[in-house]
Amino acid sequence: MNRQEYDLIVVGAGHAGCEAAAAAANLGSKVLLITMNMGTIAQMSCNPAMGGVAKGQIVREIDALGGYSGIITDKTMIQFRMLNRSKGPAMWSPRAQSDRWLFSSEWRLALEQTDNLDFWQDMVKEILVKDQRVYGVKTGIGIEFYSKSVILTNGTFLNGIIHIGQKQLGGGRMGEAASFGITEQLVSLGFESGRMKTGTPPRVDGRSLNWEAMEEQKGDEKPDKFSYTDTQALSKQRSCYITYTNSKVHETLKEGFDDSPMYTGRIQGLGPRYCPSIEDKINRFAERERHQIFVEPEGWNTVEVYVNGFSTSLPEAIQQKALRQIPGFENAKMFRPGYAIEYDFFQPTQLKTTLETHLIENLYFAGQINGTTGYEEAAAQGIMAGINAHLKINEKEPFIIDRSEGYIGVLIDDLINKGTEEPYRMFTSRAEYRILLRQDNADIRLTEKSHRIGLASDLRLKNVQEKIKQTQTIIDAFHKTSITPMEVNTMLESKETPTIPQNYKLFQLISRPQLHIHDFQGLPSADPILTGTREDAKLQAEILMKYDGYIEKEKEMADKMQKLEHIRLHSEFNYQSLPSLSKESREKLSKLKPATLGQASRISGVSPADISVLLVHFGR
C-alpha cells in the first residue's frame with residue numbers, strides 16, 4: 001500500500017475511541033479509526049445501559065461539549081429513569097436502558113457520516129516512535145500508518161484473558177481475540193503497567209423466565225432524555241424487573257469456590273470495588289441473606305436478558321444451577337455464561353491533564369487502558385483526548401475542564417494525580433462541587449467553552465444562550481412579583497404548607513421545599529411569567545432560586561481554589577533543588593509533574609506546608 005498519512009490515529013473503537021475519533025474529525029483533523037472488528041463498534045460489552053449516579057452527569061457533559069454519546073443514547077433507549085428524584089438536584093442522575101444492537105449500529109452510522117474520518121479493520125501491534133515522539137502505528141498484517149498523533153483506547157483487549165471456572169481463553173471480549181504487542185513495547189519504553197479484572201453476568205432467554213414472580217420496574221411516566229439537542233423523547237418503554245438471591249443460591253455458588261479463578265489465584269488483577277462479582281458479594285457480605293438482581297431486556301425486539309448483579313466467573317454448571325434457585329428463574333436457559341476478563345492497564349499518573357503521556361510526545365491514552373471502568377468514564381476520556389490531540393498538533397492551547405466545571409474534570413484530575421489500584425468508577429461523592437455540577441446545567445457549564453474551540457455548534461450555543469436568558473427572566477420576575485393570599489392560599493393548603501397572611505414575593509414562596517415552579521402555573525400573578533417559557537429554563541430557575549445560598553457558597557469555595565489553578569508550575573522544574581519540601585513531596589512532584597499548584601495540592605503525600613513552600617518559590 002502507498003504511504004498513508006493522517007493527523008490522528010485512534011486505536012480501538014469502543015466508547016473512548018468513538019468519541020475521540022468523532023471529536024478530532026469534527027474539529028478538522030484527518031482521522032483514522034482502527035478496530036479489530038468493524039461489526040462491534042461502540043459495543044455495549046457489559047450492561048445495556050448508559051448513565052446512572054454521576055455517570056448520567058458525564059453523558060450530559062459529553063453532549064454539552066458536542067460529543068455523540070447522549071444523542072446515540074436518546075435514539076436507542078428503551079427506558080428512561082431519573083435516579084435520586086427524592087434527593088436534592090445535585091444528586092439527580094439520568095439513566096437509560098438501551099437497545100444493545102441499535103446502540104452499536106447508530107454509533108457506526110454516526111461515525112460513517114462524520115467528515116474527515118476513515119476506518120481500518122486490523123489489530124495494532126506496535127506504535128511507531130522516534131526520538132520520544134509517536135509518528136504512527138504498525139498493524140498485525142504489517143501495514144504502517146503514519147500520523148502526527150496517536151490515541152490508544154484498547155479497552156480490555158491488551159493481553160486479555162477470559163476466565164470461566166478453571167477454563168482460560170485468550171480474548172478481549174467473549175468471541176473476540178485479545179490484542180498483543182503494545183503492552184510489551186510500552187513497558188520497554190519505560191511505562192508502568194498493571195493488571196485489572198472486570199466481569200460480566202450470564203445472558204439468559206427471556207422466554208424461560210417467570211416474569212410474574214418478579215417486581216416490575218417501569219420507566220419514568222414522563223421520560224426525559226440525555227441530549228440538549230432536539231432528539232426525540234420516548235413515547236413507549238420496556239420495563240425492567242427486580243428479583244433477589246437467597247441462601248440456597250449462595251450455598252450453590254459456594255460449591256464452585258474451589259474452581260473459582262478469583263479464589264484459586266489464577267486472576268491476579270484487582271476487580272471493581274463497587275460492582276463486585278456475586279461470589280465476591282456473598283464472601284464479603286456473608287451476613288446478608290439476599291442480594292438484589294436487576295433483570296434488564298437487551299433491546300426492543302430480542303428475548304435476550306441481562307442479569308445485572310450476577311456477574312460471575314464460576315463454572316458454567318454452577319452458574320446455571322444457582323440461577324435456577326432465584327425467584328422467576330426456576331426454568332432459566334442461558335445464552336452464555338458469565339465470565340471474568342483480566343487485562344493490562346497503565347497507571348494514569350503517567351499522563352498530563354490533556355491525557356497525553358509524559359514519556360512519548362503526542363501519544364494519548366483514554367478509557368480502560370487508564371484503569372477506569374464504565375462506558376461513560378471511557379467516553380469522557382475519549383472526547384478529551386480527541387480534542388487535545390487535535391489542538392496540540394495545531395499548536396493551540398490545551399482544553400482543560402476544571403474540577404469546578406465538570407465531572408469530566410474530576411475524573412481526569414483524580415486519575416492523573418492519584419492513580420488507581422482498582423477499576424475507577426465515578427460517584428457524586430468524588431466531586432467537591434456537586435451542587436454546581438448538576439445534570440441539568442452541563443450545557444451552561446461547558447457548551448460555550450467547547451464552542452470557542454470549534455466543537456460545539458453555533459446552534460448549540462444559541463440554544464444554551466436562550467436557556468440562560470429565559471432562566472434569568474424568570475428569576476428576576478419572581479424577585480419583583482408579589483402574589484396575594486387570595487390568589488395562592490388554596491394551592492398552599494393543598495401542598496400542606498402554611499398559608500400567607502399578606503402579599504409575598506414569588507421568590508419567597510418558591511424557596512419552600514413543598515412547592516415547585518409548576519405549582520404556580522395558572523395563578524394570575526405567575527402565569528404570564530411562565531407561559532411560553534422552556535421547560536428546561538423553568539427547572540433551571542427553580543433550582544437556582546431554591547438553592548441560591550448553597551450555590552453561592554460553593555462558588556466562593558471554587559473561586560478560592562481556582563486561584564491555585566492559575567499558578568503554573570514548570571514541567572521541567574527540579575523539585576530536588578527545594579530542600580524545604582518533604583522528601584515524599586519531592587519524589588511525587590518529580591514523578592507526576594503537575595501543571596498547576598492546584599493540581600499539586602491534590603497529590604497524595606504533598607502537604608499544605610509543601611504547597612506554602614511552592615507558593616513562596618513560584619510567587620503569590
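Residues are numbered from 1 along each chain as its sequence is written, and side-chain values use heavy atoms, with hydrogens and water left out. Because the model is predicted, local features need pLDDT of at least 70 and side-chain atom pairs count only at pLDDT 80 or more, whereas totals for chains, interfaces and linings use all residues.

Helices (H or I, at least four residues) and strands (E, at least two) are DSSP runs, numbered from the N terminus. Two strands are taken to pair if DSSP finds at least two bridges between them. An open sheet is formed by 4 strands in the order 11-10-19-12, with antiparallel pairing. Strand 11 (167–170) and strand 12 (193–200) stand at the edges; each has a single partner strand, so one side of each is left without a neighbour in the sheet. From one strand to the next, the twist averages 25 degrees. Within this sheet, strand 10 (residues 161–164) pairs with strand 19 (residues 339–346) in the antiparallel sense over 3 bridges. In this pairing, I162 stands opposite I341 of strand 19.

Strand 4 (residues 77–83) runs antiparallel to strand 5 (residues 93–98), and the two are joined by 6 bridges. M82 stands opposite P94 in strand 5.

Two helix pairs were examined through their axes, which are lines fitted to C-alpha atoms over the stretch in contact, with angles running from 0 to 180 degrees between N-to-C directions. The axes of helix 6 (residues 247–254) and helix 8 (residues 316–323) lie 9 Å apart at an angle of about 170 degrees. Helix 6 and helix 8 are therefore roughly antiparallel (angles over 145 degrees; under 35 is roughly parallel, 65 to 115 roughly perpendicular and the rest oblique). The contact (heavy atoms within 4.5 Å) is made by V249, T252 and L253 of helix 6 and I318, K321 and A322 of helix 8. T252 is buried, with a relative accessible area of 4%. Apart from its neighbours within four places in sequence, T252 is in contact with I318, K321, A322 and Q325.

Helix 12 (residues 458–480) and helix 16 (residues 535–546) have axes that come within 8 Å and cross at roughly 50 degrees. This makes helix 12 oblique to helix 16. Among the contacting residues are K467, Q470 and T471 of helix 12 and D536, A537 and K538 of helix 16.

In helix 13 (residues 485–494), the buried residues are P485, E487, V488, N489, M491 and L492. These buried residues pack against strand 21 (482–483) and helix 14 (506–510). Just after helix 13, E496 takes a positive phi of about 55 degrees.

The structure holds 0 disulfides (pairs of cysteine sulfur atoms within 2.5 Å). C18 is in no disulfide, and the nearest cysteine sulfur, that of C46, is 17 Å away. C18 counts as buried, at 0% relative accessibility. C240 is likewise in no disulfide; the nearest cysteine sulfur is that of C46, 14 Å away. C240 is also buried, with a relative accessible area of 2%.

Conventions
Buried < 20%, exposed > 50% of the residue type's maximum accessible area, 1.4 Å probe, protein only.
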